[in-house]
4 protein chains.
Amino acid sequence: MVRVALVGQGLVASTFCLGLHRIKGGRAGLEGVPLSDELPVKVEEVEVCLSIDVDSSKVGRSLSEVVSGYFPGEGLGGGEFERVEVRRGLHLGSTHGLPIEGVGLEEMYPLERALDELEETLLEADPDAIVLVSTTERFKPFGSREELEDSLKSGDSSRFSAAQLYLVAAARYARRRGGAALVNGIPTSIANDPVLLGLAEESGLVVFGDDGATGATPLTADLLSHMLQRNRRVLDVAQFNIGGNMDFLALSDEGRNRSKQETKSSVVKDILGYDAPHYIRPTGYLEPLGDRKFVAMHMEYVSFGGAIDELVVTARINDSPALAGMLVDLVRLAKMALDRGLRGTVYEVNAFYSKNPGPKGSKNIPRTVAYERLRRWAGLKPRWL
Amino acid sequence: MVRVALVGQGLVASTFCLGLHRIKGGRAGLEGVPLSDELPVKVEEVEVCLSIDVDSSKVGRSLSEVVSGYFPGEGLGGGEFERVEVRRGLHLGSTHGLPIEGVGLEEMYPLERALDELEETLLEADPDAIVLVSTTERFKPFGSREELEDSLKSGDSSRFSAAQLYLVAAARYARRRGGAALVNGIPTSIANDPVLLGLAEESGLVVFGDDGATGATPLTADLLSHMLQRNRRVLDVAQFNIGGNMDFLALSDEGRNRSKQETKSSVVKDILGYDAPHYIRPTGYLEPLGDRKFVAMHMEYVSFGGAIDELVVTARINDSPALAGMLVDLVRLAKMALDRGLRGTVYEVNAFYSKNPGPKGSKNIPRTVAYERLRRWAGLKPRWL
Amino acid sequence: MVRVALVGQGLVASTFCLGLHRIKGGRAGLEGVPLSDELPVKVEEVEVCLSIDVDSSKVGRSLSEVVSGYFPGEGLGGGEFERVEVRRGLHLGSTHGLPIEGVGLEEMYPLERALDELEETLLEADPDAIVLVSTTERFKPFGSREELEDSLKSGDSSRFSAAQLYLVAAARYARRRGGAALVNGIPTSIANDPVLLGLAEESGLVVFGDDGATGATPLTADLLSHMLQRNRRVLDVAQFNIGGNMDFLALSDEGRNRSKQETKSSVVKDILGYDAPHYIRPTGYLEPLGDRKFVAMHMEYVSFGGAIDELVVTARINDSPALAGMLVDLVRLAKMALDRGLRGTVYEVNAFYSKNPGPKGSKNIPRTVAYERLRRWAGLKPRWL
Amino acid sequence: MVRVALVGQGLVASTFCLGLHRIKGGRAGLEGVPLSDELPVKVEEVEVCLSIDVDSSKVGRSLSEVVSGYFPGEGLGGGEFERVEVRRGLHLGSTHGLPIEGVGLEEMYPLERALDELEETLLEADPDAIVLVSTTERFKPFGSREELEDSLKSGDSSRFSAAQLYLVAAARYARRRGGAALVNGIPTSIANDPVLLGLAEESGLVVFGDDGATGATPLTADLLSHMLQRNRRVLDVAQFNIGGNMDFLALSDEGRNRSKQETKSSVVKDILGYDAPHYIRPTGYLEPLGDRKFVAMHMEYVSFGGAIDELVVTARINDSPALAGMLVDLVRLAKMALDRGLRGTVYEVNAFYSKNPGPKGSKNIPRTVAYERLRRWAGLKPRWL
């Protein structure tokens, strides 16, 4: 059994719920779940025990109702999600500029009280893994442990982004519970932030992240390593993404866009070893695309004798399922890490599932290699090595 | 020093010559040569000592002249290729239907005499590696060693394709010389033919092959393994190729096309483990494209919760440089294999460089994994493992 | 009211039926019907009065049942198509090589008797327009009226393709009824065959055709005229199509493919005025694509000062709806032509709706121009002229 | 003879010069010049008599030198451009943020004096057509003639963008000379600004514009009209552009980008008649692309019976030649307009050559229709009507 808390009950979290529901009911297979039924913890054992959000139209309703709102006609009523009520979480302006009315605990109470409330909510629900899939946000890393502690003491919640404060809450929860895990699906530096990771390690918190490696970034990584392995010199890479879900709307905001751009761009230098000129970033919002995104990538490279070749990739990808499927692995791997008594982060997991794998200073590697190293870590036979 | 014999002095072999010339003259880098300057045998040590063809307009002329014919204005005259004369080889209808007037040794002499002539030519030039880059051909595998020997005894050259008979000649040459290598860049089964490979092993011949893994096939392999690693179910794959060089003209012939189609298609089942419906084959000839080819690939797959995604790749690739760059590695790896006293084939080499890696029954694996195994075999540090 | 007979009750004809049903029931709009509700004859007035096929699994069943077979769950039962029974038509090997068991009237009776039966069937149903959407077929044009008459007299049905013989039957029907129309949606030369067109004219038969201008061909025409209007010189055009419906399966047959290739290729010279090198043809069959087709086109051209540009189009198109929507116009235009007392063919209609617009010697023109000329012919205000 | 003044001696103007030079020398054809040699005024009659810029590294040098700087090795020295010296023009911050050191006349003199200087320069060189191809700029339209006159009187040059002030100078020049033309190749509203156009009309100035219809916009127009003509409902359009020339660098600036975005976006509603959701704008700057741009477009639409199709276009286009080729027509058409005694703007010309055809309130129409109307205006036989 893996008990899961979802933080940010948007489309990704709801796709996660719906997918689990369908798989358990035999109405969907394990497509999109990378390690499928190979892990000792089975997909059927994953259970959602808590959902947290700040959207006033969600807080207080049953998880079942909220998920059904995204997928009418899926008949989720009366099932496993009926018993879970959406609870209020932290806001910190994370929905700023979006058509969402949200109120966070930190707007209702002083900072310490807000953290206490959250801790109680977590203790009551008792999740093994807390999954962070709230909106992409602006953030400022903490320079030192002192700065973090001072900010907490001063009660100034505005220094924190929502994800950073959730990390603090998760660490406190892990300390009291005796171990827990946080899976970070958004670009905020958590596994890559030495200060936050230090706190996690001390507290017995496992952290996976940062930013789910879905969409075009892992594909770009594989294409770049394809070039590297043939010693082709990449001249330039342009990559555009456009979609119609809340995440793309949020990324219209310049500050959020920059967070994303950095996790997406690091892949070029990490894989190639040199910083080939590139333009890789979320590009626009186009409402009718809904949860689908359209991706276009253009790459030029030098081949033998100076010949110049050109590669173009275009794709139409369902955005939320890509991440939701990975979360099904990540919460199970989190449970395995806890069972092994680990704390802090695990590069072998991050390297495959994250756009910006922690800890800080780690590199993106070709996903095929990451896959084999992940399998070894998970106790599975490598597939080709 | 690696001494190289080129069989089939067409565009690939000539691009190989031009590239070497430029690299040695400092006018081109090592782009497109996968193992670059990492191998103990350096690119500068590669030397062409023999060129074989059947085209009457080439035989008897200097290699310098023939290569310059493909690349006028490159100033190849007076250089290293001046001393090499293009010698007559085997025909066996390999240029059938193409605008080439060719006469093979087997059309001038009885079969045994033709093989003797070839053997003498080889002994005189003393190549370490014989590189087969003649035209894609129809062929029929030999069912048994007896069938092979009987065909040789009967003097019936028509049972053989050119590549098959070159293998026989190379084996005889290796036996007399005390070791040599054959690098098969075309689709004919050589490394995948147990009868021919048996002969090679007995004779001290190293064989790499079959069919150079250039163009869209290795890219397809990497994309398919990308899907597999995320447990996405591939619904269908369509891949088209069109180009304007002699190889595409040759592939207009149905029989040759089938040879190619098989080496290209095997990748689907090899990588995915199931035979996803696919249409993968060279599609057409369009003269103005010249040595460039246009590739289009369409793939659909099932993601989490049954979502269906779509991936399209289009590329414009210079065809001959892609293979020529790999040959620069292969002849050096051939020399290393000979220095290690090997005979027969080496899967670790084939898995990275060949569309249809021998020996028979071997599978295509993700190229990234093949790359790391190749590096280990070549005594290099894996890059990521 | 327009009474329609469908010949070849496959996916296109069934999509036509379903679409009409949905439109009449208010469950679909007029998307894909070029002239929409602008014509004096309204879409709601179109009525299917006859369906003809040779497939033993269809003949004798209600049209409602057959259409429902293609679209289960659409609830077509009990509606307007219940009263129409699928009647046996001509075969002439048109389903050769396809997984269809078909028997034609000409296999049951002597040729004249078969034609008589067909004529009676038509007279009984009394269609204004006979729509030919049977399988793409091989055919040989008639050299002269004598050859046609002699073939009929000799009773040798094998000289005819199905479409050619349907034309004969339609002409006889038109003569007896006092006017009728044949809409040719397949590549067989009917409107482009002077002998058949002569017979039609004499008999009071209106003929529209040949081959529905759906998919990539009209798009190619528009892109080529885009180039021409900027005086860009087109260097080469490659166009691939792959699909999974019966038509693509049929086109795997070399002879049928050639019929199609010719109607598709003529567009290059017609529009540009010179025969830019091109490779344009249906390329393959891939079952899981079903009625969707994947199209890829690559074009290179010279711009100002000798600059070379490159254009790539890829598309995923639902095949049958594209033609079915045009048929909704064509049968209404046929009715208008009959009301105007016309006979023979109408270039203004063909130029917009047909890949190979008749009469013989006519040219493809940019579809935008064809559109405006069509509007004028139909009594509508041009949109931009 | 057509005498041309180039304003903004960047890549477009220099490509225009080089192209003319090559054509006159018989080293290039008329590709990319839409009306080719059909006009009464021949391409060979086009002559550059003046070049204006603010870049300190260009002003004072010969046109020959400046053009050679863009195209070294083209041997432009000693030819027709030797006699033309680059003269200083207006700046008004148009190069703000770009790596260009520029000083404008208005920075050296009071406004009236600056305009006088410019007028004298023009009178001396005596151009028929003044071609505006300076950098894309921010601008604010004038609300009334009074506002314009007041700004001039007050001597406050900062109210003007460079293009707006060039219009004023061109109008004064036209008044004194007795007719002249301004061809506006950039997005600033000139032909679309009633106040400026009024001034032009009074002064005997012909104005063509606004913004050259190159690249993806006219292609999008043609694709949208393709959809409209088939009554397909467009669901969404996304279009990305990335390039490496100064214009793309300039468009990184948000204000400039907006100018461009508006001329590009208007096409959707103009052609379709409804404002289908779209994201169409210049997207990014990627230096190694140089003058080439990479374009990607994604379009979804509803076909018959509700089927949803998808069209993707990707292109690699040489940016400057596309506009330069059109300018060769525009200056000749300008001469024809002057010979006919026209003043103000000519929709028939703008509709084909401009992204945002003036006068204000005019619509984009399918380019094929625009082409035929243009031909008629130019006294040429329509090609298909």
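Biologist: What is the area buried between chain A and chain B?

Modeller: About 5100 Å² is buried between chain A and chain B, with carbon and sulfur atoms giving 57% of it. Gln229(A), Phe304(A) and Trp384(A) supply 18% of the area that chain A buries against chain B, more than any other three residues. Buried area here is the accessible area, taken with a 1.4 Å probe, that two parts lose on being put together, summed over both.

Biologist: What kind of model is this, and which residues and atoms count?

Modeller: It is a predicted model, in which local features need pLDDT of at least 70 and side-chain atom pairs count only at pLDDT 80 or more, while totals for chains, interfaces and linings use all residues. Residues are numbered from 1 along each chain as its sequence is written, chains are lettered from A and ligands numbered from 1 in the order in which they are written, and side-chain values use heavy atoms, with hydrogens and water left out.

Biologist: How many residues does the contact take from chain A and from chain B?

Modeller: The contact takes 59 residues from chain A and 60 from chain B. Contact means heavy atoms within 4.5 Å.

Biologist: Why is the pair Arg233(A) and Glu31(B) called a salt bridge?

Modeller: The term requires a side-chain nitrogen of Lys or Arg within 4 Å of a carboxyl oxygen of Asp or Glu. In Arg233(A) and Glu31(B) the closest N and O atoms are 2.6 Å apart, so the pair meets the rule. The rule finds 4 salt bridges across the interface of chain A and chain B.

Biologist: How many bridges join S10(A) to strand S10 of chain B?

Modeller: There are 7, and the two strands run antiparallel. Strands pair if DSSP finds at least two bridges between them, so S10(A) and S10(B) qualify. Glu310(A) has Arg316(B) as its bridge partner in S10(B).

Biologist: What rotation superposes chain A on chain B?

Modeller: A rotation of 180 degrees with 0.0 Å of shift along its axis does so, with an RMSD of 0.0 Å. That is the relation of a two-fold axis. In chain A, the C-alpha nearest the axis belongs to Val313(A), 2.2 Å from it. The same surface serves both copies, as 100% of the contact residues of chain A recur in chain B. Copies are superposed by least squares on the C-alpha atoms of residues with pLDDT of at least 70 in both.

Biologist: What area do chain C and chain B bury between them?

Modeller: They bury about 1900 Å², 75% of it on carbon and sulfur atoms. In chain C, Phe240(C), Leu286(C) and Phe294(C) lose the most area to chain B, together 28% of what that side buries. The contact involves 25 residues of chain C and 25 residues of chain B.

Biologist: What makes Arg292(B) and Glu300(C) a salt bridge?

Modeller: Their N to O distance is 2.4 Å, so the pair falls within the cut-off. Residues on the side of chain C that touches chain B divide into 15 nonpolar, 5 polar and 5 charged.

Biologist: How do you know which surface the copies C and B meet through?

Modeller: 100% of the interface residues of chain C are also interface residues in chain B, so the copies meet through the same surface. Of the residues of chain C, Ala296(C) comes closest to the rotation axis, at 3.3 Å (C-alpha).

Terms used: Nonpolar A, V, L, I, M, F, W, Y, C, P; charged D, E, K, R; others polar. Helix = DSSP H or I, 4+ residues; strand = E, 2+ residues; numbered from the N terminus.
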